[in-house]
Amino acid sequence: MTTLSPPGTLLRKEAAGSARRRTDSSYPLWFAVPAAVLFLVFFAVPTFASFWFSLTRWTLFDVEFIGFDNFVQFFREPQLVTGFVNTLVYGVVTSAAKVVLGLALGVFLTSPILGRGYLRAIVFFPVLVSTIGVGITFKVLLDPFDGVVNQVLGWFGVAGPGWLTDPDLALLTVAAVDVWKGLGIATLIFIAGIVAIPQDYFEAARMDGASGWQQFRHITLPLSMPATGTVVILSLIGGLRSFDLIWAMTNGGPGFTSDVIGSVIYKQYQAGFYGLSTAGNVVLFAVVAAVMVPVSLALRRREQEL
Amino acid sequence: MRTLRLRHAAYGVLAIAVSAVVFLVPFAFIVLTASKTAPDASQLEFSLPQDWAFLDNLVEVVSYRDGLVLRAFVNSAVLTVLSVTAMVLLAAMVGYVTQRRRSWLNPVVDTMVLAGLIVPPAVVPTVWVLQRLELFKTLGGLVLVEVTFGLSFCILLFRAFVATIPRELDEAAILDGAGPVRLFWTMIVPLLRPVIITVVVVQAVAVFNDFTGPLYFLPGDENATVQLTLYNFQGQSLNQYNLLFMDILLITIPPLVLYVFFNRQIVAGMTNGALKG
């Protein structure tokens, strides 16, 4: 214990050591046991078990080891490959949009504009609404024939597309709704980041005659880098794992054009292909890890350079 | 200076107009459609109802299939209360001990928290575990799963907050002869009040709105949660948009109420947790 304590005089070190021994018993480690048990049983065991089950043909009745067949199938069947590609597209598109729009809104909502409190509240509220509720609402609003959006477009003589029925558009439409729903958190994080920047920087820059854009480019943007990192990481994790919004709006359709790994996992589970479904889980894990590790390393490096 | 203020006012007005279209119209659409009669609602138009049928729709949704929706609300309430209570208690204990005492436990907990935040839950193997424990398709099983998935975020918040409570307070209580449980329960927990409120509100919204958990671990109509009934509603009564949207409206009310009362805590919780995570 004493060897771990920071350097100080010998006397102080000994005093600290005995005090720590005395107080340690006031902070018993068994406090962590209930949480640890839950974590072990409902998180660690399933996660490790998934590596084994992904190598099996697993049905209601029995488990049979089949090596990497599930993964081969995952990358051979077009509908499963689509799900894989869509996951990446969805994750990147939603997180890029949330960064750009969230930063813009963050800057806008920290400037002294009229109705700021109302605007912050209204942008944030969708975050708290049920994803299924949002999905169904937008599905109706975006109905190709009777939907409000296409009706309004019709007034301007624009024939609105089948937002959720056009195979090329469905995934991006859902991504746009995802951004609508999740933008509030991104904005909030950017607001917190921007408010933390000392006002002196802006004052000094204004003295030197910096324009609004220059202030943004050289002060706000670099100094809100930690906020940007947080938004990128949170929205990537959320985007890559997303399932419920897509499931509520398209069920992965039309066909399987808006399937993501999350919906593939559920479809295979429903169909009784538990092994394949679990392989999907492992692929998702790999995708999240493969994207998150370089992104968080790059962000950390950027932050240290500043 | 005056032109600047004018410009800010103009931007504000413009932004309020844009926000009304982008954010208020969808919510107004929910309320309006929930107030229409069935044929009126099936037009899918953004318009005032020809006849206001709000109460009729409310009664019909509530009595639909022997009160399925009501039962779902009870189930969701029980699920949310139990999960959030357990989450707060367990996460506070972990956050407290790991903040107060350096030990081999800390790196373990750090890894666990990080894994819990990033690794996508392995759903089918979790079903398998629940089946083995005979907890599959039970509310209790779902509670345990929800608690597990929520722990990481809560531990982060609690640990950060415990760091702001001076150790001198603990030492005074220890000198007075308080044991570890009494120290935690009578000294620390009352001081955790602000962060407990934050965690409760944020996690209550998350658990109440969770769809994937009930879909996998608590399927079936009998003890469905509100999100699941809403999803199933969609398939069963496709032509009755008024009832569908009444259900959406009902499900939106609990988070809305929380937001109105705990706006500040929600915002604090989401930004703190995010920036420190």
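## Basis of the model

Because the model is predicted, local features need pLDDT of at least 70 and side-chain atom pairs count only at pLDDT 80 or more, while totals for chains, interfaces and linings use all residues. Residues are numbered from 1 along each chain as its sequence is written, chains are lettered from A and ligands numbered from 1 in the order in which they are written, and side-chain values use heavy atoms, with hydrogens and water left out.

## The interface between the chains

In this model 89 residues of chain B are in contact with 82 residues of chain A, contact being heavy atoms within 4.5 Å. The two chains bury about 7800 Å² between them, with 78% of it on carbon and sulfur atoms; buried area here is the accessible area (1.4 Å probe) that two parts lose on being put together, summed over both. On the side of chain B, the residues that lose the most area to chain A are F23(B), R101(B) and V124(B), which together make up 9% of what that side buries.

The rule finds 13 residue pairs in polar contact across the interface, both residues at pLDDT 80 or more, where a polar contact is a pair of N or O atoms within 3.5 Å, of which, within protein, one must be able to donate a hydrogen and the other to accept it, and residues adjacent in sequence count only if both atoms are side-chain atoms. Helix 1 of chain B (residues 2–34) gives the largest share of the side of chain B that touches chain A, namely 16 residues. The count of salt bridges between chain B and chain A is 0.

## Salt bridges

Over all chains, a search of the whole structure finds 5 salt bridges, each a side-chain nitrogen of Lys or Arg within 4 Å of a carboxyl oxygen of Asp or Glu. Among them is the pair E64(A) and R57(A), with the closest N and O atoms 3.4 Å apart; E64(A) is partly exposed at 40% relative accessibility, and R57(A) is partly exposed at 45% (buried means under 20% relative accessible area, exposed over 50%, and partly exposed in between, with a 1.4 Å probe and protein chains only). K267(A) and D259(A) form another, at 2.8 Å between the closest N and O atoms, and here K267(A) is partly exposed at 23%, whereas D259(A) is buried at 1%.

In chain B, the side chains of D110(B) and R159(B) meet in a salt bridge of 3.0 Å, N to O. D110(B) lies in helix 5 (residues 105–118) and R159(B) in helix 7 (residues 139–162) of chain B, so the pair ties together parts that are 49 residues apart in sequence. D110(B) is partly exposed at 37% relative accessibility, while R159(B), at 17%, counts as buried.

## A loop residue of chain A

D146(A) sits in the loop between helix 6 (131–141) and helix 7 (148–155) of chain A, helices being DSSP runs (H or I, at least four residues) numbered from the N terminus. With a relative accessible area of 37%, D146(A) is partly exposed. Leaving aside residues up to four places away in sequence, D146(A) touches Q151(A), Q43(B) and L44(B). From D146(A) to D200(A) the C-alpha to C-alpha separation is 54 Å, and the two are 54 residues apart in sequence.

Definitions and conventions: Helix = DSSP H or I, 4+ residues; strand = E, 2+ residues; numbered from the N terminus.
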